[in-house]
Amino acid sequence: MINKKEQMMLDFSANHFATFSIAKALAEFDITIDNIETKHLVNDSRFVEPGDIFAAVTGTLSAGNEYINSAVAKGACLVIAQCQNSSEHGTLNSVTEQGNTATVVNFFEFDKQLSLVSAYYYDKPFKNMSLIGVTGTNGKTSCCQLLAQLFTKNNHKSAIIGTLGAGTLDSLEKINNTTPGPTKLQQLLAKFSFNKIENVAMEVSSHALSQNRVDANMVDIAVFTNLSRDHLDYHGDMGTYADVKKRLFLGSAEQVLVLNVDDQYCQSWLGELPDENRQVMYSVNEANKHLLENNEFLLATNIVCHNQGVSFKLTSSWGNCEINSALLGEFNVANLLAAMAVLLVKGIELTDITKCTEHLVPVTGRMETYGATGKATAVVDYAHTPDGLEKALESAKAHCQGELWLVFGCGGDRDKGKRPMMGSIAEQYADHIVLTNDNPRSEEPSQIAADIKQGIKAINKVDVIIDRQQAVISALSRAKENDMVLCAGKGHEDYLIIGDETIAYHEREVVRQFYQGRAKS
């Protein structure tokens, strides 16, 4: 096994920066400068440190050129600035701020090339590892965490990049986005390469694909989990959302595709994806068995949910066996199949993988269970989309011996159309519904709750308790011994956004302390 010492804090040695050449990187884009000693390439002026290069790129919300002076004041030794005219490409000038002077290099359409510039600067670190890109509406975090657990248990050094952070499982660094910006991403991959990481499982968001943060050609194995309504406030419609996701699977001919054929969007893609790419299909629905024919595949049947987790029969191109896992829910069976498929593609034996499945631990804030003797079971999950909520409720229902309680809300300043949909789904599965806050942002929380209630006919099932902590405690206090309380929407998050304030709120800790108090009483 890989010990703690081997999975150290991932960082560069003091002289490793000498291997990076910004002059060499820019030469790929017909820009000539004298090489200078530099450190990191950074596209957010707030994080610039002395010796860094500031990438003043035009983004979705602001133009990097507005922050050049601030970056130079902080010690940026070089600025690459997006220019408006192709005739300015490669021209140089300088900026002095607070006694610091930096050369400014003009770069035409820099926003379209930042990912490539970053890759060239850090010497294409993804070439030194297997980069596994996981995309889909739900399941990205779980798949990446399961991949890291399985790789580690099979003595392969691995790291993750995603919602829970970046790094090895026992040393995660917080990052601002599910998929980091292109400069941060290449910096992380360079650190992983320096530390001899063999496999990196990375969540790839639709925003990252839309904004060219990730190039599909970097990804050795592309994994698709599912696609359902989310981020329509950004993408506009499901067709655009799906097309953006599909970009990840259009890399080089060497890219391996791992695909969930139970998903309708994936089914529509099957005839469109390149024939030359190796494809591995997975399914938890025996009715889709015909879609697996003539392909490498994994199929889960005889799925049984029980108090200790889930068990199923695996039929695959690599052999057949029984699988037992402490994970909850059928959707986690699909996530596990996706992770197993990646390891099988990497040449790890099925028997070695199955030995580890019983020892997998639930992912933080994903169907994570809590309880105490004589009390209801609580499940904390991140589900915040209609499909995610439905899958979480289906799974909870399968494991619940009594009544099912649901505590949830919807985010403010986001897709309002999903609110009544989620209300309808809640009514279909839950016996008791408590509507509450979930990052209302600038919207009135009571109006968000009213929007959700529009999808619920049996209003007698519903309580509205806007204070999230009170809502959770109320449900846990009223639920009986064999009941289950699903707290959906926050998962791993440790905050609530109310108005302009980000307030500390740890749902998992609220639940844990509730049971500790009940155990002592």
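Tutor: Let's start with S45, which lies in the loop between strand 1 (41–42) and strand 2 (53–56). Keep in mind as we go that this is a predicted model. Why pick that residue? An unreviewed UniProt entry lists "binding site" at S45, N177, T178, T179, S205, Q211 and R213. Those positions span 169 residues in sequence, and the farthest two C-alpha atoms are 23.3 Å apart, so they do not all gather at one spot.

Now zoom in on S45 itself. Who's around it? Leaving out residues up to four places away in sequence, S45 touches F54, Y67, S70, A71 and K74. One of these, F54, falls within the numbers of strand 2 (53–56), the strand at the end of the loop that holds S45.

Next, hop over to Q211, another position on the UniProt list. Q211 is in a loop too, this one between helix 6 (206–210) and strand 11 (221–224). Is Q211 buried or partly exposed? With a relative accessible area of 27%, Q211 comes out as partly exposed, because that label covers values between the 20% cut-off for buried and the 50% cut-off for exposed.

Notes:
Residues numbered from 1 in each chain as written. Predicted model: local features only at pLDDT ≥ 70, side-chain atom pairs only at ≥ 80, totals over all residues. Heavy atoms only, no water. UniProt positions renumbered as here; feature names shortened; annotations may be inferred. Helix = DSSP H or I, 4+ residues; strand = E, 2+ residues; numbered from the N terminus. Contact = heavy atoms within 4.5 Å. Buried < 20%, exposed > 50% of the residue type's maximum accessible area, 1.4 Å probe, protein only.
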